[in-house]
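Take a look at the chain below. This report walks through some of its helix pairs, a sheet and its salt bridges.

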Amino acid sequence: VHSHLAKMYTDNDECFPAEAYSEDNKVVGALKSLGMSHFQLSLKMLTERASSVAKLSTEEAMQRSKQILLYLSHISISIYGSFIMLPGHDQLAEIRSSLQNIPFIPASQCPQDLSLPWFKSAHLFQSPKNVFSYKHQSLVFTQAPVVMLFGGDDQSAIDIGLEKLGIERRGPSYIMVTDHLVCLVRHVQQNSLHGNDCQMLDTCCPTIYHYLKQGMSQIGDFFKQVSDLLKGRPFIWQSNHFLTVDQIVLDTVDSEVADAHPYLCHLSAENKGCESLFITLGVTKLHASRSVYILKNIYRDYKENALPEKYIKFVFSIAMKFSYELSAHSELIYLPDENGVMWPASQLAYKESVDLPALSNREIFARHFKEGTHWLHPMFSGSLASSLGIPSALNSILNKMDDQNFLTSTEYGQCEDLCDRLNSILRKYPHDESIFKEFIQNADDAGATEIVFILDHRKFSCEDGELFSNDPEWKTLRQCSSLLIYNNKLMSEEDIIGITKLGRGNKEFSSDVIGRFGIGFNVAYHVTDCPMFVSYGQGAVPENFCVLDPAGLYAPGHHQRSLRGRRFEMNPLRNQQFSKEFDPFYNTDLFHQMNNASGECFKDINTNFPNGCVLFRLPFTRSISPTMTGLRSGFKMLPGDMNELLNSLLQRAEDLVLFLNNIKSISAFEIQADG
C-alpha cells in the first residue's frame with residue numbers, strides 16, 4: 001500500500017491485509033485487481049478519513065490532518081511511472097466540494113507571549129470553508145480561524161494541498177480586515193501591551209494597510225464603509241502607539257514641526273508605502289487650523305505645568321511656520337511663557353522690549369509687572385511676537401492700566417452699527433424656506449448626515465440657583481416657543497469664532513470645518529432677535545454655550561459688555577450643577593421618541609453621539625415684544641408661520657437630499673406645550 005495512504009490509517013482501522021498477504025506480491029496483485037486501494041482513495045473513503053479527524057486525540061488528529069493534506073498535494077502532481085492518476089478539474093472540484101464542510105484543518109492558536117485578542121473557537125479543527133491561510137494571519141487573526149503552520153520539510157507540499165482546497169486563494173473581505181484593525185485598536189486603547197504585542201502589531205499593521213490600499217480602487221462603495229469604520233479612531237500604528245489622522249502629518253521639510261509625539265508625527269517609513277491610503281482616510285499636510293487644535297491640546301494636557309524642552313521647540317516651530325495665519329486668530333492660540341507654561345496668547349507680553357528697563361524703574365509701572373503678567377518664552381523674537389499679536393511690555397502695561405482706570409483710552413475708527421449691518425443683510429434674504437436651506441447647507445458642508453427641525457412650544461422655568469436665574473430678560477426668553485435645529489456634527493472652535501464675523505465666513509482658515517457659517521447664518525434673525533446654540537462633544541457633553549444678541553436685549557450680562565452676546569465654555573465637571581440650563585436644547589427622552597417614530601433621525605443617540613452634535617435654539621422673541629427691535633428688517637415670525645414653513649419643507653425634503661453630499665435625512669417635528 002502506498003505510504004501516503006497507509007499513514008492515513010492505523011492498525012485499529014483494520015484496513016490493511018494481513019502480513020502474510022502483504023508480503024506476497026502475487027496476493028497483493030490479486031487484491032489490487034479485486035479493487036484494493038493502493039495509490040488513490042475513493043471520494044467516499046477520503047471524506048471518511050477527513051471526518052475521522054475530529055474523533056482522535058489531538059496528536060493523532062494533527063498527524064492525520066497533515067497526511068490528508070499531503071495526499072491532496074500528491075494527487076495533483078504528475079509523477080513519472082504513472083503510480084498516481086492525475087484527476088481532472090471536475091474531479092478536483094468534487095473533492096473540494098465534498099471536504100468543504102468537514103472540520104479537519106487545525107487552526108492556529110494564540111501564542112503564549114501575546115495578549116492581543118485572538119479568534120477563539122471551541123474546536124481546534126475547522127472546515128476548509130471557514131479557515132484562512134496562515135499567510136493571511138496578520139489580516140484576520142481576531143476575526144476568523146487561520147490554518148496552523150505545520151512547519152518542517154513537508155510545508156510546501158501541505159501548501160499545495162491547501163491550495164487544492166481553495167484555502168490559499170481565498171482572501172478576507174476588506175470589511176473583515178477593517179473590523180480586525182478596529183478590534184486591535186480597541187484592545188490597545190483599553191489594555192496595556194505585553195510580551196510580543198508590539199512586534200506583532202509592527203508586523204500585522206503594515207500588512208493590513210497594504211491590503212486596504214490594494215482594495216481602494218476595487219471595492220467602490222465598500223471603501224466608504226471602511227472609511228466610516230475607521231473615522232475618528234486612532235488606527236495608524238507608529239512608535240508603539242495607534243494614532244489618529246490628526247496626529248499624523250505628511251512628510252515635510254519641517255521635520256521638527258512633525259516630531260512631537262503624540263501631538264504630531266511624521267508618517268513613518270513603514271507606512272510611507274501606503275501614503276495614498278492614509279490621504280484618502282484623512283491624513284494631510286500640517287496647516288494652521290490643525291496647529292491651533294494641537295496647541296490647545298498641549299495646553300489642556302499640561303495646564304499650569306511646564307512643557308518639556310522638546311515641546312517648547314515644537315510650539316516655537318509651529319509659531320514660526322504659521323505666524324501670518326495665526327495672527328488673525330490670536331484668541332485661539334496658546335504659547336509658552338518664560339517658565340514653559342502655556343497661556344492664551346492674549347495673556348502674554350513680550351519681555352525683551354527696549355521699553356522694559358525704563359518701565360521697570362518707575363514705581364507705577366513696576367507694580368504691574370508683579371500682578372500676573374506672563375512673559376512670552378525668550379525663544380520667541382520680538383518680530384515673531386509682534387506678528388503673533390503679542391504686545392510689547394509697554395502696550396501690555398497700558399492695557400492693564402486702562403482696564404483699572406488709571407487712564408482712559410477709547411476705541412476709535414470707522415464702524416457700522418451692528419443692527420444696521422444685519423438689517424442690510426436681512427433685506428437680501430426672504431423669510432421663507434431659505435431659512436431652512438441655509439442651516440441644511442451649513443450642516444451638509446460640515447459633514448453632518450442628518451438635520452432635524454423642531455417647533456417647540458414648551459416653556460421653561462428659571463429656578464433659583466440656576467446659571468442665569470437673576471436675569472429677568474433671560475427668564476422671559478425661556479418662556480418663548482422656539483425653533484430647534486439639530487445636526488449630528490460637533491461645531492469647531494473656528495466656526496464658533498467665524499459665526500460672529502459679518503460679511504464673510506471662516507472658510508479660508510480650514511478646509512474641513514464644522515458648518516461653514518457666513519452671511520447666510522444671519523437668516524436666523526428673521527426668526528428671532530437672540531439666536532443661541534449649544535455645541536456638544538462626544539457623548540453629548542455640552543462644551544460651548546453661545547448667545548448672540550445684536551440688539552442687546554436678552555443675553556445674560558449684556559448691560560456690562562460692548563459685545564452684545566455671551567459665550568460660556570463649559571467645564572464637564574460642573575455641567576451637572578447647571579444641567580437645567582440646557583433643558584430647552586437637549587432632551588434624551590424626546591429624542592428617543594422621535595427616533596422611534598421615524599427611525600431616520602437622532603440615530604447617533606444609540607451610539608452616544610460619537611461625533612458630537614450641535615443644537616440651535618431660535619426663540620420667537622417677536623411673539624412677546626410689542627414693537628420691533630433694532631432688527632426692523634427681520635420678519636415678525638410667529639409659531640404659526642413657522643408651522644406652515646415646516647410643512648412646506650417636508651414636502652420638498654426628499655428632493656433636497658438628492659442635491660446634498662452628506663445629509664441623508666431631513667426631519668421636522670412639533671412638541672406641544674405639555675411635551
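## Helices H9 and H10

H9 and helix H10 (residues 197-215) cross at roughly 145 degrees, and their axes come within 10 Å. The model is a predicted one. The crossing of H9 and H10 is left-handed.

Which residues of H9 and H10 meet? From H9 come Tyr-174, Val-177, Thr-178, His-180, Leu-181, Leu-184 and Val-188. From H10 come Leu-201, Cys-204, Ile-208, Tyr-209, Tyr-211, Leu-212, Gln-214 and Gly-215. Sorted by class, the contact of H9 with H10 has eleven nonpolar and four polar residues. It has no charged residues.

## Helices H4 and H5

Now turn to another pair. Helix H4 covers residues 43-52, and helix H5 covers residues 58-74. Their axes come within 9 Å and cross at roughly 150 degrees. Angles over 145 degrees count as roughly antiparallel, and H4 and H5 are therefore roughly antiparallel to each other. The crossing of H4 and H5 is left-handed.

H4 brings Leu-46, Arg-49, Ala-50 and Ser-52 to the contact. H5 brings Arg-64, Ile-68, Tyr-71 and Leu-72. By class, the contact of H4 with H5 has five nonpolar residues, one polar residue and two charged residues.

## Helices H22 and H26

Helix H22 spans residues 434-446, and helix H26 spans residues 639-657. They pack at an angle of about 50 degrees. Their axes are 10 Å apart. H22 and H26 are therefore oblique to each other. The crossing of H22 and H26 is right-handed.

On the H22 side, Phe-436, Lys-437 and Ile-440 make the contact. What classes of residue are found in the contact of H22 with H26? Seven are nonpolar, two are charged and none is polar.

## The seven-stranded sheet

Next comes the sheet. Strands of a sheet pair through backbone hydrogen bonds, either parallel or antiparallel. Here seven strands form an open sheet with mixed pairing. Their order is E16-E15-E14-E17-E13-E12-E18. Which strands stand at the edges? They are strand E16 (565-569) and strand E18 (665-671). Each has a single partner strand, so one side of each is left without a neighbour in the sheet. Neighbouring strands of this sheet are turned by 15 degrees against each other on average, direction ignored.

Zoom in on one pair of strands. Strand E12 (residues 450-456) and strand E13 (residues 482-487) run antiparallel. Six bridges join E12 to E13. One example is Val-452, whose bridge partner in E13 is Tyr-486.

## Helices on the sheet

Helix H25 (residues 588-598) packs on the sheet. H25 touches E12, strand E17 (613-619) and E18. The direction of H25 makes about 125 degrees with that of E18.

H26 lies across E12, E13 and E18. H26 runs at about 160 degrees to E18.

## Salt bridges

Side chains of opposite charge can pair when their charged atoms come close. How many salt bridges does a search of the whole structure find? The search finds twelve.

Key:
Residues are numbered from 1 along each chain as its sequence is written. This is a predicted model: local features need pLDDT of at least 70, side-chain atom pairs count only at pLDDT 80 or more; totals for chains, interfaces and linings use all residues. Side-chain values use heavy atoms; hydrogens and water are left out. Axes are lines fitted to C-alpha atoms, for helices over the stretch in contact, and angles run from 0 to 180 degrees between N-to-C directions. Helices (H or I, at least four residues) and strands (E, at least two) are DSSP runs, numbered from the N terminus. Angles under 35 degrees count as roughly parallel, over 145 as roughly antiparallel, 65 to 115 as roughly perpendicular and the rest as oblique. A crossing is left-handed if the near helix is turned anticlockwise from the far one by less than a right angle, and right-handed if clockwise. Contact means heavy atoms within 4.5 Å. Ala, Val, Leu, Ile, Met, Phe, Trp, Tyr, Cys and Pro count as nonpolar, Asp, Glu, Lys and Arg as charged, and the others, Gly among them, as polar. Two strands pair if DSSP finds at least two bridges between them. A salt bridge is a side-chain nitrogen of Lys or Arg within 4 Å of a carboxyl oxygen of Asp or Glu.
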